[in-house]
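Here is a short report on a ligand site. Look at the structure first, then read on.

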Amino acid sequence: MASRSIFVTLFVIVMLSLATAALSATLSASYYNKVCPGALPAIKRVVEAAVKQERRMGASLLRLNFHDCFVNGCDASILLDQTSIIDSEKNALPNVNSARGFEVIDKIKAEVDKACGRPLVSCADILAVAARDSVVALGGPTWEVPLGRRDSTTASRATANSDLPSPFMDLPALISTFQKQGLNAKDLVALSGAHTLGFAKCQLFKNRIYNETTIDAKFARQRQTTCPRTGGDLNLAPLDQTAAAFDTKYFNNLVSKKGLLHSDQALFLGGQTDGLVKSYSTNLDSFSNDFANSMIKMGNIKPLTGNNGQVRLNCRRVN
Ligand code: HEM
Ligand SMILES: *[C@@H]1O[C@H](CO)[C@@H](O)[C@H](O)[C@H]1NC(C)=O
């Protein structure tokens, strides 16, 4: 019957277009495989060189990906410089004099565009791949990074100030900042494990080492030697004792009240995340596995796909 075959045809067309829409809104690890097989190797080369030159750069690149994704999704908004119309996220409280690695991202962008012969790879995808390659370069797990994000044409300093967690937060506030991004308490603990890498400024843990009682006394005194009661605000201390190695020391420290930031110790202070912290502290494989899974989940926060956004020519500016 003609009417039935028309119905079937229409049904097939509707299903196909739904599938296509779903595809364009979904990231894929093989996104650049055919169009530019040299893209991912180029990113890896630059990250490895940068980490070799300065181990901390791996930590800084990982943090850039986090600070991008938590502010209106993983759209490279954090990379946009201040202009008369862009209210740069670089000037938000959690980023100013703190977020770093922008020159390395510029270098990656130049090398990737050269490898592909044209500007094909988005700055948002570069941030996600550079974070993975950084973790690998410092001895951590690897994972396949879903790709196909596009770059924003806007930035929001206000959202960076409101949506990024502060080091002075307690557990309920930390959980709710993550919940706002569709991430749960397990993601919070696993991703906080990123603090197995990198450094923090004295001004962000000063109150903790001089005023708090939830800290190991010997550890507090040790940190006080490079973080005086007054002054020294920009002095750095490692977030754990092996700041350039992805390991379980961060979680070991929490279990023995040696978390550097108030927000670190909040994960092991008698609350609902105690059990997970304890288990990560003795199980590198389970931490590594959960970290990789949560990084993929974080990378899926509100990506721009299809015709939304753009692929920037220069990560610091909209086209
Ligand atoms: C849970 C809430 C979090 C809070 C409150 C927080 C806070 C901070 C603070 C205050 C610093 C030191 C910044 C400075 O002194 O300039 C820092 C460093 C760092 N954070 Fe977090 N963070 C959190 C979660 C995360 C997550 C989810 C990641 C990545 C997945 C991450 C990765 C890093 C890294 C790698 C560093 C060291 C950066 C460097 O040495 O350049 N953090 N964080
Ligand atoms: C310790 O707490 C007091 C009272 O809140 C505060 O005035 C002081 O600045 C704190 N000290 C440090 C080093 O943060």
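Domain bounds come from an automatic or database domain assignment. The shell around ligand 1 takes at least three residues from each of domain 1 (39–163) and domain 2 (171–295).

This is a predicted model; local features need pLDDT of at least 70, side-chain atom pairs count only at pLDDT 80 or more, and totals for chains, interfaces and linings use all residues. Residues are numbered from 1 along each chain as written, chains are lettered from A and ligands numbered from 1 in written order, and side-chain values use heavy atoms, without hydrogens and water.

There are 26 residues around ligand 1 (a heavy atom within 4 Å). Arg56, Ser60, Ser98, His195 and Lys201 come nearest. By type, the shell holds 15 nonpolar, seven polar (Gly counts here) and four charged (Asp, Glu, Lys, Arg) residues.

Helices (DSSP H or I, at least four residues) and strands (E, at least two) are numbered from the N terminus. α3 (56–69), α7 (171–179), α8 (185–192) and β1 (199–201) each supply at least two shell residues. The largest share, five residues, comes from α3.

His195 sits in the loop between α8 and β1.

Polar contacts here are pairs of N or O atoms within 3.5 Å.

| Residue | Part | Distance to an oxygen atom of ligand 1 |
|---|---|---|
| Arg56 | side chain | 2.8 Å |
| Ser60 | side chain | 2.7 Å |
| Phe199 | backbone | 2.9 Å |

Key:
Polar contact = N/O pair within 3.5 Å; in protein donor to acceptor, adjacent residues only side chain to side chain.
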